[in-house]
Amino acid sequence: MKTCHVIHQDGKHRWLVVARDPARPDYVIDTNEYLVLNGDAGLLCDPGGSEIFPEVFSAISAQVDPTCIREIFASHQDPDIISSLALWLQCNPALRCHVSWLWCGFIPHFGGAADTFLPIPDAGKQISLEGLTLEAIPAHYLHSSGNHHLYDPKARILFSGDVGAALLPPDESGLYVEDFDSHIRHAEKFHRRWMGSARARDQWCERVSSMEIDMLCPQHGAIYRGRSVGRFIEWFAALDVGVLDD
């Protein structure tokens with residue numbers, strides 16, 4: 001069963017992560033789902049696939065009333081990101097989904113109607129959550145051709161989608177990166193294969209290097225915090241990407 005953890009709290013402004021499921025079948029990739037709460041409103045980042053919806057819904061319900069979730073942020077179009085959309089819409093038909101304009105004609109195959117989707121332009125946009133300003137920032141070709149990350153400048157948290165992802169073995173499944181040098185080997189093959197553009201990588205690294213980030217939160221694997229955030233950006237900037245390892 002997945003569990004829900006508070007990773008940031010400042011009054012009614014909170015970030016929760018739904019992570020780790022020891023009972024997860026081996027054929028389903030592990031994912032993290034992040035819930036941003038401000039006042040009575042919630043925004044769920046990359047809610048996951050339909051396969052894991054019961055576990056995600058149950059874990060969130062243990063912390064908050066899931067009907068507070070008014071909006072979804074989808075970093076891109078993959079099934080492990082957003083194929084549970086129809087199930088979330090059954091809980092709240094008024095739910096709205098922020099996603100790259102590029103995918104607004106494709107994701108409805110998972111569910112939703114024309115007014116479900118709030119397209120994000122290539123340059124990104126600001127998203128208001130009960131007065132809290134979040135920023136959808138461009139991360140195109142990392143790995144999807146229409147891809148955004150979500151930055152919370154007040155909490156200094158960057159939800160980074162697949163960037164920073166690591167495929168962790170069961171005995172190294174901590175919530176946070178505690179030993180960067182030991183951890184990063186679990187991220188290397190993923191980034192070399194899935195991040196197909198060195199130019200896009202360089203643009204992303206330049207952009208996020210100028211941002212104040214206390215936590216970098218990927219959709220797979222452990223959360224980078226403190227010094228490991230800068231170390232990850234430096235590591236990624238130097239990595240040979242877009243290659244097929246033997």
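Predicted model: local features only at pLDDT ≥ 70, side-chain atom pairs only at ≥ 80, totals over all residues.
**Entry: strand β2**

I began with β2, residues 13-19, and asked how many of its residues are buried. The count came back as seven of seven. In a regular strand the side chains alternate between the two faces of the sheet.

**Entry: partners of β2**

Next I looked up the pairing. Strand β1 (residues 3-10) runs antiparallel to β2, with seven bridges between them. Cys4 has Val18 of β2 as its bridge partner.

**Entry: the six-stranded sheet**

Further along I traced an open sheet in the order β8-β9-β10-β11-β12-β13, and its pairing is mixed. Which strands stand at the edges? They are β8 (125-129) and β13 (224-225); each has a single partner strand, so one side of each lacks a neighbour in the sheet. I also checked β11 (residues 157-159) against β12 (residues 215-217): they pair in the parallel sense over three bridges. Leu158 faces Leu216 in β12.

**Entry: Leu158 and the cores**

Leu158 turned up again when I listed the largest nonpolar core, which has 30 residues. Leu158, Trp204, Tyr224, Phe232 and Phe236 have the most contacts inside that core. Which elements give two or more residues to this core? I got α5 (185-194), α6 (198-209) and α7 (227-238), with α7 giving the most, at five residues. Leaving out residues up to four places away in sequence, I found Leu158 touching Trp204 and Val208, and also Met215, Leu216 and Cys217, among others. There is a second, separate core of 28 residues, including Phe53, Val56, Leu95 and Trp103.

**Entry: the largest pocket**

Last, I looked at the largest pocket, which holds about 390 Å³ of space. Its lining has 15 residues, and Arg24, Asp30, Leu168, Pro169 and Pro170 lie nearest the centre. How does the lining split by class? I noted seven nonpolar, three polar and five charged residues.

Definitions and conventions:
Residues numbered from 1 in each chain as written. Heavy atoms only, no water. 1 Å grid on protein atoms, 1.4 Å probe; cavity = no way out; pocket = protein on both sides within 12 Å on 5 of 7 lines; lining within 4 Å. Points joined across faces, edges and corners; volume = space filled by probe spheres on them. Nonpolar A, V, L, I, M, F, W, Y, C, P; charged D, E, K, R; others polar. Core = buried A, V, L, I, M, F, W, Y, C linked by side-chain atoms within 4.5 Å. Buried < 20%, exposed > 50% of the residue type's maximum accessible area, 1.4 Å probe, protein only. Helix = DSSP H or I, 4+ residues; strand = E, 2+ residues; numbered from the N terminus. Contact = heavy atoms within 4.5 Å. Pairing = 2+ DSSP bridges.
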